[in-house]
Amino acid sequence: MMGQGQLRFEDISCQRGGRLLFENLSFALGPGDAAVVSGPNGIGKSSLLRLAAGLLMAASGTIQRAGRIALADESLALDRHLPLQEALGFWAKMDGGTTGKALTVVSLDHLAQVPVRMLSTGQRKRATLARILASCSDIWLLDEPANGLDLASLEVLSQMIACHRACGGIVLAASHQPLGIEQAQDIRLEARP
Amino acid sequence: MKTFLALAARDVRLAYGRGGATLPIIFFLLVATLYPFGVGPDGNLLAKTGGGVLWIAALLASLLPVDRLIAPDMDQGLLDQLAVRGVSEESIVLAKFAGHWLGFGPPLLIAAVPAAALLRLDATMLVRLELGLLIGTPGLAALSVLIAALTAGVRGAGALAGLLMLPLAVPLLIFGAGSLDPYGGSALKLLAATSLLAIAMTPFAAGAAIRAARE
């Protein structure tokens, strides 16, 4: 059930490969909230999302999360030889969602029977978004979701995000291009001297 | 449990659907075919040494798909997606192990029949070989998954996998070949014990390796 999600960072420091990426980062997101992480390349935007997903451990601080998480990073995580619908179905079945509607939203329904390896860059990105949609999760973690998308798909993306928030979902996105998210918190990671 | 079954079923489909399972079998039969050419057509010699050769072939056959067990899933983010959904690495590895064994164990047991004929093993020997392989191949599959997890993301993983696998698999080989002896009952029990140990150890060791690779 959506609307119960929560994501809270308290004094988080992140260290990768012996290098301190950021420290004392705090923010809190409740139902319907969104935040956009911005900053130059290599500053730790993706690491922040992986921290939120629980894939990395914070060097210090605590992360509280409630609700189910969906992560869209640069990897597609769909079996390349399978038709798109079947590959998405693997995750949808696990998450208890359906693929048909998600594919229609990102207008990939006409490619449902095409093997994943035949998809173009933008279509892959849209397939990732379909995976997120079909997951019925409370918290969306989107890493550069706008990369490779055409104008029409960008519009779909911002509608998806608005719709998810209206249903009480949470969105945390890392991007260096505007995503058209209204009233989003701005988490700016600064280059360290 | 649903996730476990879905994962194992996916691996089995991968193994059978894309010819992955036929490769170890062809390799296994190839060894059985070539060995008589190497040592000559002496039936007694073949019958005496053939069982051990088939065990070596089984060991190497289990190692063949090692670069396709974990590394592709790690590269394409499948393991991350499972972790985000709260699936533990240990149960992922267990599912991988089940999928790998189902992908190469049963076909190998079937291929052992013509291979035994090629090496002039008699019926009692064939029964002992099949029994040993039935007990030993799960251990070999577990070790392959462990090595696959340890070498995932490393360049030249294939050669390294062989180097890592062989010392770990030596006990299985010794007791497996030993169980072919007419008085090999105790070797069979030790084979079962070694196999169980490998299966029990793999989820934890391979799970830790997958988590470490994420950093």
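**View 1. Helix α1 of chain A lies across strands β1, β2 and β4 of chain A in this predicted model.** The helix covers residues 45–53 and runs at about 125 degrees to β1(A). The strands belong to an open sheet of 3 strands with the order β2-β1-β4 and antiparallel pairing. β2 (19–29) and β4 (60–66) of chain A are the edge strands; each has a single partner strand, so one side of each has no neighbour in the sheet. On average, and with direction ignored, neighbouring strands of the sheet are turned by 20 degrees against each other.

**View 2. Strands β1 and β2 of chain A pair in the antiparallel sense.** β1(A) spans residues 6–16, and its pairing with β2(A) extends over 7 bridges. Cys14(A) has Phe22(A) in β2(A) as its bridge partner.

**View 3. Chain B touches chain A through 12 residues, which are in contact with 13 residues of chain A.** On the chain B side, α1 (2–17) and α5 (78–84) each supply at least two residues. The most comes from α5(B), with 5 residues. By class, the residues on this side of chain B are 4 nonpolar, 4 polar and 4 charged.

**View 4. Helices α3 and α8 of chain B pack against each other.** Two packed helices are described by the angle between their axes and the distance between the axes. For α3 (residues 43–63) and α8 (residues 157–178) of chain B, the angle is about 145 degrees and the axes are 10 Å apart. The crossing of α3(B) and α8(B) is right-handed. From α3(B), the contact includes Gly51(B), Gly52(B), Trp55(B), Ile56(B), Leu59(B) and Leu63(B). These meet residues of α8(B), among them Ala161(B), Gly162(B), Met165(B), Ala169(B) and Leu173(B). The contact of α3(B) with α8(B) has 9 nonpolar and 4 polar residues, and no charged residues.

**View 5. Ser107(A) and Cys136(A) are loop residues of chain A.** Most residues other than glycine have a negative phi. Ser107(A) has a positive phi, near 45 degrees, and is placed in the loop between α3 (99–105) and α4 (121–134) of chain A. With 14 other C-beta atoms within 10 Å, Ser107(A) is partly exposed. In Cys136(A), phi is also positive, at about 55 degrees. Cys136(A) is in the loop between α4 and β6 (139–143) of chain A. Cys136(A) is partly exposed, because 17 other C-beta atoms lie within 10 Å.

Note on methods:
Residues are numbered from 1 along each chain as its sequence is written. Chains are lettered from A and ligands numbered from 1 in the order in which they are written. This is a predicted model: local features need pLDDT of at least 70, side-chain atom pairs count only at pLDDT 80 or more; totals for chains, interfaces and linings use all residues. Two strands pair if DSSP finds at least two bridges between them. Helices (H or I, at least four residues) and strands (E, at least two) are DSSP runs, numbered from the N terminus. Axes are lines fitted to C-alpha atoms, for helices over the stretch in contact, and angles run from 0 to 180 degrees between N-to-C directions. Two residues are in contact if their C-beta atoms, placed from the backbone, lie within 7 Å. Ala, Val, Leu, Ile, Met, Phe, Trp, Tyr, Cys and Pro count as nonpolar, Asp, Glu, Lys and Arg as charged, and the others, Gly among them, as polar. A crossing is left-handed if the near helix is turned anticlockwise from the far one by less than a right angle, and right-handed if clockwise. A residue is buried if 20 or more other C-beta atoms lie within 10 Å of its own, exposed if 12 or fewer, and partly exposed in between; C-beta atoms are placed from the backbone.
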